[in-house]
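Here is a brief report on one protein model. Look over the sequence and the structure first, then read on.

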Amino acid sequence: MEERKKRIFSGIQPSGELTLGSYMGAIRNWVQLQHEYDCLFCIVDEHAITVRQEPAQLRKRSVAQLAQYIACGLDPEKNIMFIQSHVPQHAELAWILGCYTQFGELSRMTQFKAKSQQHADNITAGLFTYPVLMAADILLYQADLVPVGADQKQHVELTRDIAVRFNGVYSDTFVLPEPFIPKLGARIMSLDDPSSKMSKSVPDGCINLMDQPEVIMKKFKRAVTDCETAVKFDQANKPGISNLLTIYCAATGKTMDEAEAEFAGQGYGVFKPAVGEAVVELFRPIREEADRIMKDKAYLEGVYKTGAQRAQYLANKTLSKVQRKIGFVAR
């Protein structure tokens, strides 16, 4: 009998534009993973509303993000691609799992502490409990693996703790997911503060997937470097140049040694525009294809509706089992 492929669940919030960081660190890896795993790629719009969103923009970005996923190389036939709010089982399971999650566990989540400082005037219950919704996202599909960066690993650990607790009370119900950190991919830092991860919340230090070439070039020319001129990877002493070298290698496929040799003795005035050009050419076909897909509204609607139907089929199998085990009357 053929062994079942391992299942992956991953998602990105449509709270802003997809960035160079999200492309290099996540989406490009997803394109490789789709050939080896059963994959669900979700636009997690329910997570996005933990902070205030402009409704029309949220709707627009959710659909645009799907178009960009496809333009980056994700195949809607091969993967289940859907919008989180179109599968109500996420919210249903999140409530149930919230009753098996300890207050202290959520209080210790580092992202809650960070976001509470960023949004001190709007610290909602949703901001506090969204790791439970993330656990529901993962456990609903019996995902084996969850591609995450270091900043999200704590959420997968909490998901496992919740699953172990539930399984201990009601017998095996959930697969215990593992954090999956792909070998490929690069941690991309902000262009204006190389000590911080590139984030859509800091526009000046961020390159967006759909930025026009002139915008990309301008941002790279203004990128923070140092007072020297040597193009050399040195994370401790030259974080800005090291970040640009990482981006250049990720965009071109060159090794760090090849990149350093290419710009030996040339200085930052040559190097920074070259990094910009490499990113412009990397993103050009993606941007053009995403623009084309966005014009085909019927196609996009078909993708996200079919994706939601396929996701609901899997979600219902898990949710009905959970409801039965905890004592809910069958519908």
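With which side chain does the side chain of Tyr 268 make a polar contact? The partner is the side chain of Lys 238, at 2.8 Å. A polar contact is a pair of N or O atoms within 3.5 Å; within protein, one must be able to donate a hydrogen and the other to accept it, and residues adjacent in sequence count only if both atoms are side-chain atoms.

This is a predicted model: local features need pLDDT of at least 70, side-chain atom pairs count only at pLDDT 80 or more, and totals for chains, interfaces and linings use all residues. Residues are numbered from 1 along each chain as its sequence is written, and side-chain values use heavy atoms, with hydrogens and water left out.

**Tyr 268**

Tyr 268 sits in helix α12 (residues 268–294). Helices are DSSP runs (H or I, at least four residues), numbered from the N terminus. Tyr 268 is buried, at 10% relative accessible area. Buried means under 20% (1.4 Å probe, protein chains only). Leaving out residues up to four places away in sequence, Tyr 268 touches Lys 238, Ile 241 and Pro 273, among others. Contact here means heavy atoms within 4.5 Å.

Two separations describe the pair:

| Tyr 268 to Ile 138 | Value |
|---|---|
| Tyr 268 to Ile 138, in sequence | 130 residues |
| Tyr 268 to Ile 138, C-alpha to C-alpha | 44 Å |

How values were computed:
Helices (H or I, at least four residues) and strands (E, at least two) are DSSP runs, numbered from the N terminus. Buried means under 20% relative accessible area, exposed over 50%, partly exposed in between (1.4 Å probe, protein chains only).
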